[in-house]
Amino acid sequence: MGEICTERLTLAYDERAVVAGLDIVIPTGRVTALVGPNGCGKSTLLRGLARLLKPRGGSAYLDGRSIWRMPTRELARQLGILPQAPVAPEGLTVRDLVAQGRYPYHGWLNRWSEADEEAVARALDITGMVDLAHRPVDALSGGQRQRAWIAMALAQETKVLLLDEPTTYLDMHHQLEVLHLLRRLNREEGRTVVLVVHNLNHAARYSDHVVALSDGKVVAAGTPQEVVTSEVLREVFGVEAHILSDPDTGVPLCIPYALCENSNVRAPSMDSFAAPHTGHIHV
Amino acid sequence: MRRAWLVVGRQQTSLSFRLDRRVPVWLLGLAGAALVASVLSVGVGEYPISSLDVIRAVLGLETGNPDHSFIVRTLRLPRVLVALGIGAALAVSGVIMQGLTRNPLASPELTGVTAGASLAAVVLLVATPAASVVALPWAALLGAVIAAGLVYLLSWRGDDSPLRLILVGIGLTSIIGALTTVMVTFGEIDDVARALVWLTGSVYGTSWEGLRALVPWMAVFLPAALILARHLDVLHLGEDVARGLGSRVELQRGLLLLTAAALVAATVTVAGTVGFVGLIAPHIARRLVGPSHEGVLPTAALTGSLIVVLADLLGRTLFAPVEIPCGVVTAVIGAPFFMYLLYRNRNN
Ligand SMILES: Nc1ncnc2c1ncn2[C@@H]1O[C@H](COP(=O)(O)OP(=O)(O)OP(=O)(O)O)[C@@H](O)[C@H]1O
Ligand SMILES: [Mg+2]
């Protein structure tokens, strides 16, 4: 359970389509990494899969049902999303933030139960946030903050977890910690995990399936060995890279060494700098 | 493990919720303070009455002076009760607006919602001078909703900049305020006291009739705010996170905004523009009990009640026998606080 796929999914802001007629299948019970250059539509796709963005055409499906036909609460119990760079209200403690993950389980009057209590305790424990639970989120370091948000998504107890750049802001140690955590959730609890990462070596090592996006299109999808190749890197990122094989595990390691001569990766234009990102409020 | 919060109700019972541990203590403390302030306020005036006699008269007991009952129960009590009520209503609508917009500067008077409600009520009064106290809140509600919609249209750009919302709100407030002044001046509202209410915000001369107009609105919309508290909590995390958690964002936003507008409309009808209560009370409440709304809403309500009762008391005693409307007192306290908030948010 927890199978996600899309059919001719078209996502757009204003007039411009970011993702057009996309068909992808996310393997159930696996860890999938979405990779691609800045602005290629990774966040947009994730938002489309989680019903944060209404499609212009096509649809996304969870276990064969169109996500737009499901009651919001039911979807939220099955699919959780951590958007890119969320901002917590001033003074909200980690524990209060994590408790919000239980929202889809509450009704008019029933607003807190033993199950909620346990889910919050478990989420804090898994993410190593127990000692920081009483601290305000805005008084934490970037990495601690990221883990607090992940804990909130975990408290939601969904079989599918979508995470937009969960390792950004983290140091090497905490990046690995988060990736280990996600893989553990997948291996031990069978959750389907989809994450956006920029570090290809992390994508290769910690995921079962890699989808490389460029300009809203899937350039390559498959196992890390199939996707992390010098051809794909040239086409998607416009870089020349050596591909080695990890001596222990055999997963590919990439070492970029030069920019392609005539790469088809657009240099960021001024309008993409000026384009406002929604949903981030600086209070 | 010691629970970090108080959990009320069990799974078997139909009602269960969690509260910050600080909430009950502060609620008791604030309720006590508001009660004391109210008793003092009823006792003060041209004809001072001791606190003990105030309590006796309110409870219908003999005080040994036949005038006490009339002075306390007919003249002074409704005024203090209205002050308590509008304080709570303004504070709750301020909490809702700040939570919805994720903007610490949002409040009914700074977003133009109060001004819209006043104008609509004045227009109704001028058009049909015999309009009953019962019809006024409906007109005010319409005005409040229109003003809220206008501010939203004019200031929304996808990102939410706290200062833009407030600039648009203040601009709208001054335009609507000017229109209101014109209406009051040329509209031949016979009742001078009533006109003054629209311009300054005062509980002067409120009767039981005013209180009766206020109570039904409070009885519906204060509980509504509490019921919506958990939705406000997730909306406070931002639109994307709220949607991801399964919030029907547009619906909840609409209900919350309607609740805030209705509470403002009811207060405006009875007491005009009592400014800054809806700005200050939420900040105090969050400082006391943290940002979870099930705790913030009642705490802010009592804080607002206390502020307005004290403002009214101060306004009557500072320069007695001259009375300063409580709206002027709250503005004198509130304006520096607003400056302080502006300063703190200057980087956004
Ligand atoms: N709210 C928005 N309104 C208009 N255009 C947007 C909006 N959000 C994103 N875009 C545009 O859509 C395109 C894809 O953006 P998206 O955020 O999906 O990229 P991304 O792959 O997640 O990039 P990054 O690696 O920088 O996070 C970009 O060109 C961006 O400018
Ligand atoms: Mg992104």
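Predicted model: local features only at pLDDT ≥ 70, side-chain atom pairs only at ≥ 80, totals over all residues.
Conventions first. Residues count from 1 along each chain as its sequence is written, chains are lettered from A and ligands numbered from 1 in written order. Local features need pLDDT of at least 70, side-chain atom pairs 80 or more, while totals for chains, interfaces and linings use all residues; side-chain values use heavy atoms, without hydrogens or water.

The metal. Which protein atoms hold the magnesium ion, ligand 2, as donors? Ser43(A) through OG and Gln84(A) through OE1, at 1.9 to 2.2 Å. Donors here are N, O and S atoms within 2.8 Å of the metal, or 3.2 Å for Na, K and Ca; water is not among the atoms, so sites may look incomplete. Ser43(A) sits in helix α1, residues 42–49, and Gln84(A) in the loop between β7 (79–82) and α3 (94–100), so the pair ties together parts 41 residues apart in sequence. Helices are DSSP runs of H or I, at least four residues; strands are runs of E, at least two.

Now ligand 1. Its shell holds 17 residues, each with a heavy atom within 4 Å. Asn38(A), Gly39(A), Lys42(A), Ser43(A) and Thr44(A) are the closest. Look at the ligand's oxygens. A backbone N or O atom of Gly39(A) is 2.8 Å from one. For Cys40(A), a backbone N or O atom lies at 3.3 Å. Lys42(A) brings a polar side-chain atom to 2.8 Å. Alone, ligand 1 exposes 630 Å², and the protein buries 85% of that, by Shrake-Rupley with a 1.4 Å probe. Helix α1(A) gives the most to the shell, three residues.

Conventions
Polar contact = N/O pair within 3.5 Å; in protein donor to acceptor, adjacent residues only side chain to side chain.
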